[in-house]
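My entries go topic by topic.

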Amino acid sequence: MPHQQQVHDFLATRPYAAAWLGIGAGKTLTTLSVLQTVRPIGHILVIAPGAIARSTWIDEIEKWGFPIRTRSLIVDERDRKLSKDARLERYAQVFTDPPSMYFINRELLTRTPLRSCKVCYGEPAKGAGPCLACQTGLIDQLPIRRIVGSDGKAQQSTVWPFPTVIIDEAQGFSSHDSNRFRSLAQMRPAISRLIELTGSPIPNGLHDLWSQIYLLDQGQALGKNISAFRDRWFVPKMVYGTTIPAKWLPVPGAEEQIQNSIRHLVISAQASGLQLPELTINDVPIHLPEDLLTNYREFKQDLVLDLVRTYTDEEGTLTQSIESVVAENQAVLTSKLQQFASGTLYTADPDDPSTSGRYEVIHEHKLDMVEYLVKDNAGEPVLIPYHFKSDLEQLLKRFAKAKIDARAFDGSRAMKQAWNAKQIPVMLLHPASAGHGLNLQHGGSTMIWYTLPFSLEHYQQTNGRLFRKGQTQPVTIHRLITQGTQDQRMPVLLDDKAATQDALIESVDIERLLMAELGDELAQHLPAQSDPRFGLPALAS
């Protein structure tokens, strides 16, 4: 497609570059075509969320017949998760395998040392490298060699066997202090080609951008470290009584300056040539009884909610007890208000590990609506994103009671294929683990958000599982909104985040770049005939 060709040319002519492509715009296929053009030498490492690394890339390679040898560091040839020993064995085989494309999820790139480790007890010896006994990530397990520098001093260096690296959903490296970013940043000098792909580069604001761009140019555009980035373009937002900024706010003009600073590294395409079916976002109001809303408001104000718990004791006597749920701080309160709005409330005591995961059912009003929407969908499959584990458990119980076949997505290729074959009436998935890269558009066109996420990335990517190229039916996305609760804030919050992100992506959009290159004077002398690919005047060959 025309926009893919433009992105292909941009990536093929730059050793370090990012493509911000919208959902369904063909990130995977475009990148594979780039590899066919540049023919990189040696191994290629694809780092992606689990579901993408597990199946999406391999599916595309097989579909289009690319002559690429693939090797997963997550699952075996039968799509079964590798054991730790099998995974470590594959790490070692990297150094003897012929050139291959390897796939790994972000969580397996590096691991935090474990306090339970009998070798390091969570504190590896300084200068000795990672603890090989408990740090079983790919980078942790790579061999280390001693190198004598030009100054005559010896230093340790990790042997990095992947000259080409592709980071799919690069926003997963937006945290500058995460282990995965720090570890990969150390490997960056040994990487000769790096491609970053994402449709959501700044899910939580401009501050997320520094680490992603640093991996491309090692700090030339936005600063050598996060402090330099902040000092130049941000001011801290402080909360009374604290010494650590709650967030960093961009100064006036920061957005435009940052956009100009990264134009040579990033290209985007709005994929305006894609013909997608109609999308309908339908907010479904959920009304709670006044007594529940009163409890909700009191909990929000006092941070304490007393629940009456009814149970049968060992002698068969019906017993009631009062259980207090306490929100320790504002962040915990926000989460618990979301739980309340969706119908459950976790009551675990942080000082009592035996109560972990315990929750109480507050209401079933969302469950009632979900059951109604599923039954009213003319027998067509429905995809339901959930947020809390309690949501999943309650949904499965309700569907079992209603004799509706509902299954929780397990990340396997087999289940994805079954969904696309319309063999699963209701599939439940969590946006954090299954919201990226999965081609689910052939299995259905209806989605029900049980609880909206705070993450714009999770929201947009999950919607894109159905509303994407290849979808042949109008897509309907229902969002269950409990009135008078935290739920009503979520659409506004997501819209605000989307507006900031869209402005950044638009600033490096292909069409704008081409228009800038044409110039006003040249544009005046071009023929009136238009190029249908971009809505631009046609250029003479």
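My notes on the predicted model follow.

**Ground rules**

I worked from a predicted model, where local features need pLDDT of at least 70, side-chain atom pairs count only at pLDDT 80 or more, and totals for chains, interfaces and linings use all residues. I number residues from 1 along each chain as its sequence is written, and side-chain values use heavy atoms, with hydrogens and water left out.

**Confidence**

I checked pLDDT, the predictor's confidence in each residue, from 0 to 100. The chain has a mean of 85, and 84% of its residues reach 70 or more. I flagged residues 525-541, where pLDDT stays under 50. The model has 26 contacts beyond four places in sequence for that stretch; contact means heavy atoms within 4.5 Å. Where pLDDT is low, the predicted coordinates should not be read in detail.

**The open sheet**

I took helices (H or I, at least four residues) and strands (E, at least two) as DSSP runs, numbered from the N terminus. Two strands pair if DSSP finds at least two bridges between them.

I traced an open sheet of 6 strands with parallel pairing. Its order reads β12-β21-β20-β17-β19-β18. Which strands stand at the edges? They are β12 (279-286) and β18 (406-408). Each has a single partner strand, so one side of each is left without a neighbour in the sheet. The twist averages 20° from one strand to the next.

I then went pair by pair. How many bridges does the pairing of β12 and β21 span? I found 8, in the parallel sense. Thr-280 has Thr-476 in β21 as its bridge partner. Strand β20 (residues 446-449) runs parallel to β21 and is joined to it by 4 bridges. Trp-449 stands opposite Arg-479 in β21. Strand β17 (residues 382-385) and strand β19 (residues 426-429) also run parallel, with 4 bridges. Leu-383 faces Met-427 in β19 as its opposite residue.

I looked at burial for β21 (residues 475-482) next. Buried means under 20% relative accessible area, exposed over 50%, and partly exposed in between (1.4 Å probe, protein chains only). In β21, 7 of the 8 residues are buried, so this strand is largely enclosed by the rest of the structure.

**Helix α16 and its surroundings**

I compared the axes of α16 (residues 456-463) and α17 (residues 490-507). They come within 10 Å and cross at roughly 85°. That makes α16 roughly perpendicular to α17. Axes are lines fitted to C-alpha atoms, for helices over the stretch in contact, and angles run from 0 to 180 degrees between N-to-C directions. Angles under 35 degrees count as roughly parallel, over 145 as roughly antiparallel, 65 to 115 as roughly perpendicular and the rest as oblique.

I listed the residues that meet. Leu-456, Tyr-459 and Gln-460 come from α16. Leu-494, Lys-497, Ala-498 and Gln-501 come from α17. By class, this contact of α16 with α17 has 4 nonpolar, 2 polar and 1 charged residues. Ala, Val, Leu, Ile, Met, Phe, Trp, Tyr, Cys and Pro count as nonpolar, Asp, Glu, Lys and Arg as charged, and the others, Gly among them, as polar.

Leaving aside neighbours within four places in sequence, Asn-463 contacts Met-447, Trp-449 and Ile-477.

**Pro-250**

I found Pro-250 in strand β10 (residues 247-250). Pro-250 is partly exposed, at 42% relative accessibility. Pro-250 touches Leu-206, Trp-233 and Phe-234, not counting residues up to four places away in sequence. Arg-230 is 20 residues from Pro-250 in sequence and 8.5 Å away in space, C-alpha to C-alpha.

**Loop residues**

I placed Asp-76 in the loop between β3 (70-72) and α4 (84-93). Asp-76 counts as buried at 18% relative accessibility. Beyond four places in sequence, Asp-76 is in contact with Leu-82 and Arg-90.

I noted positive phi at Arg-39, near 45°, in a residue other than glycine. Arg-39 sits in the loop between α2 (27-38) and β2 (44-48). Arg-39 is exposed, with a relative accessible area of 56%.

I noted positive phi at Gln-218 too, near 55°. Gln-218 is in the loop between α7 (209-217) and α8 (226-233). Gln-218 is partly exposed, at 26% relative accessible area.
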